[in-house]
Amino acid sequence: MKNIVLFGPPGAGKGTQAEIIKQEYDLFHISTGDVFRFNIKNNTNLGLLAKGFMDKGELVPDQITIDMLSDVVEKNSHVNGFIFDGFPRTQSQAHALDSLLENFNTSISGMIALEVDDEILINRLLERGKDSGRADDSNREIIENRISEYYNKTAILKTYYQRKNCYYGVNGVGEIDEITSRIIDVMSKI
Ligand code: AMP
């Protein structure tokens with residue numbers, strides 16, 4: 001199995017690139033943000049729980065997120081591999097992911113991190129908010145909160161995967177297809 005963590009701050013382009021890369025390599029794409037939004041739209045208990053945090057630009061608590069992610073992985077364990085988009089976002093999520101994959105005799109092949117400066121991120125998110133309908137993309141304060149959650153809780157995972165020798169930084173600025181080629185370049189080494 002090839003299992004990729006597509007990493008980077010909000011607005012780095014993870015979702016866009018995951019959609020392309022999953023087709024190239026026949027991987028199963030899991031976006032935790034998308035799963036939460038689906039649940040909010042369908043008024044499930046999980047959606048209700050997650051909404052309060054997402055509306056403020058805060059991370060949803062680990063246990064809720066880990067349980068949800070484990071459920072999706074367990075239901076799709078027959079696939080060629082996964083692209084994890086937006087997960088893990090904390091150290092305990094990273095540990096949980098390792099244990100979960102171990103149960104299926106597999107592991108993370110690589111973390112591909114899209115690197116983009118903060119000012120570009122904020123502008124991209126405000127632009128996306130104009131037609132994505134996402135409340136958390138339309139308000140500068142919420143966006144800044146999401147970025148600070150990233151630096152406070154998520155950025156540390158770079159070290160976690162560097163220690164496992166599977167961290168690959170990719171320049172996330174440029175045209176979509178340029179960035180895809182950089183990712184494909186890295187994928188060939190993983
Ligand atoms: P995203 O679509 O990845 O930008 O995520 C949107 C929001 O969903 C985040 O701001 C968090 O509130 C929540 N979320 C998504 N993934 C996670 C995660 N792995 N851990 C905690 N919260 C998450």
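Let me begin with a term: a residue counts as near a molecule or strand if one of its heavy atoms lies within 4 Å of it. What we have here is a predicted model, in which local features need pLDDT of at least 70 and side-chain atom pairs count only at pLDDT 80 or more, while totals for chains, interfaces and linings use all residues. Residues are numbered from 1 along each chain as its sequence is written, and side-chain values use heavy atoms, with hydrogens and water left out.

Let us start with the ligand. There are 16 residues around the ligand, and those that come nearest are Thr 32, Arg 37, Glu 58, Gly 86 and Arg 89. Helix α2, residues 32-41, gives the largest share of this shell, four residues; helices (H or I, at least four residues) and strands (E, at least two) are DSSP runs, numbered from the N terminus.

Next come the polar contacts, meaning pairs of N or O atoms within 3.5 Å; within protein, one must be able to donate a hydrogen and the other to accept it, and residues adjacent in sequence count only if both atoms are side-chain atoms. Thr 32 places a polar side-chain atom 2.8 Å from a nitrogen atom of the ligand, and a polar side-chain atom of Arg 37 lies 2.9 Å from a ligand oxygen atom. For Gln 93, an N or O atom in the side chain is 2.9 Å from a nitrogen atom of the ligand. Taken alone, the ligand exposes 480 Å², of which the protein buries 96%, with accessible areas taken from the Shrake-Rupley method with a 1.4 Å probe, and, for residues, only the protein chains shown counting as cover.

Turning to the aromatic rings, a search of the whole structure finds five aromatic pairs, where rings of Phe, Tyr and Trp (its six-membered ring) pair if their centres lie within 6.5 Å, and planes under 30 degrees apart count as stacked, over 60 as edge-to-face and the rest as tilted. The rings of Phe 7 and Tyr 150 have centres 5.8 Å apart and planes at 45 degrees, so this pair is tilted. Because Phe 7 lies in strand β1 (residues 4-7) and Tyr 150 in helix α7 (residues 140-154), the pair ties together parts that are 143 residues apart in sequence.

Finally, the backbone. A cis peptide bond, with omega about 0 degrees, joins Phe 87 and Pro 88, and Pro 88 lies in the loop between β3 (82-85) and α5 (91-103).
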